[in-house]
Amino acid sequence: MSTPTKALFNWSSGKDSALALYKILQNPNFKIECLLTSVNQQFQRISMHGVRVELLEAQAKSIGIPLKIMQIPEMPTMEVYENVVTETLIELKKQGITHSVFGDIFLEDLRKYREDQLAKLDFKAVFPIWKIPTKDLIQEFISLGFKTIVVCVNERYLDKSFVGRIIDQDFINDLPENVDVCGENGEFHTFTFDGPIFSEPINFEIGEIVYRKYEKPKTEDSSNTACDTNTSDAFDFGFWYCDLIAK
């Protein structure tokens, strides 16, 4: 039997990451060496999702895979973001890691961006749930016993009432027709707290719900599209966040 390929997993803390990780862990051709997550350096929260680092660390502990955090400045330029990523990947490459796994589903431009950036460092990208219909993915996610809570919604697509909700069939039924059920266009972000990849559920309590509006980047180079944001115009709009507090 051949030796499994060493890979890192780009962990966002949300449902797509959880399902993609579940699938790649079942693939004997890969060995996931670490979970890689970008964190807002100023607030110590996961980029875009707004989840506290303590809960991210609790996830990694329950999953049983080492966590590698990239500290990203607030509203970085693409150059700054890419420099941090490059330095991190060079460090991980020294450990024999050659592949980078993502939970992306159907955004072609984002996939190409990832593949092109990784190729510069002789890394290859892996997409375990690519092109699977999102309606099928969300049903599989729920049927496997995963549990996830909505921690951020883009007001362009959803109102405040959707943030802080557990994703179940009622949530899916309530989504407007123009919203992807997996939020693949950046409509919402989630925090997954239970399921088959966890040795135990993540304990938390719901804190306050807050509204934040970001300044639109002045140039394309200031876009955070690669920094866990799935829409290039996301910063034209405000976001509702549900704060989760570790127990």
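## Nonpolar cores

A nonpolar core is a set of buried Ala, Val, Leu, Ile, Met, Phe, Trp, Tyr and Cys residues joined through side-chain atoms within 4.5 Å. This model is predicted. Its largest nonpolar core has 59 residues, and F9, W11, L21, F191 and I197 touch the most other members. The helix α1 gives this core its largest share, six residues. Another core lies apart from it, with 17 residues, including L8, L36, I97 and F123.

What does I197 touch, once residues up to four places away in sequence are not counted? The list is W11, A18, L21, Y22, L25, S62, I63 and F146.

## Around G14

G14 sits in the loop between β1 (5-10) and α1 (15-25). Is G14 buried or exposed? G14 is buried, because its relative accessible area is 3%, and buried means under 20%.

Neighbours within four places in sequence set aside, G14 is in contact with H49, T190, F191 and T192. F191 also belongs to the group in the largest nonpolar core that touches the most other members. P73 lies elsewhere: G14 and P73 are 59 residues apart in sequence and 21 Å apart in space, C-alpha to C-alpha.

## The cavity

Rolling a probe the size of a water molecule over the atoms shows where empty space is left. The structure holds one cavity of 30 Å³ or more. The largest cavity has a volume of about 40 Å³.

Which residues line the largest cavity? They are K15, D16, L19, I129, L137, I138, F141 and C182. Both α1 and α5 (134-143) supply at least two residues of this lining. By class, the lining of the largest cavity divides into six nonpolar, no polar and two charged residues.

## Cysteines

How many disulfides does the structure hold? The count is zero. Take C152. Its sulfur is 11 Å from the closest cysteine sulfur, in C242, so the two are too far for a bond. The cut-off for a disulfide is a pair of cysteine sulfur atoms within 2.5 Å.

Definitions and conventions: Residues numbered from 1 in each chain as written. Predicted model: local features only at pLDDT ≥ 70, side-chain atom pairs only at ≥ 80, totals over all residues. Heavy atoms only, no water. Helix = DSSP H or I, 4+ residues; strand = E, 2+ residues; numbered from the N terminus. Buried < 20%, exposed > 50% of the residue type's maximum accessible area, 1.4 Å probe, protein only. Contact = heavy atoms within 4.5 Å. 1 Å grid on protein atoms, 1.4 Å probe; cavity = no way out; pocket = protein on both sides within 12 Å on 5 of 7 lines; lining within 4 Å. Points joined across faces, edges and corners; volume = space filled by probe spheres on them. Nonpolar A, V, L, I, M, F, W, Y, C, P; charged D, E, K, R; others polar.
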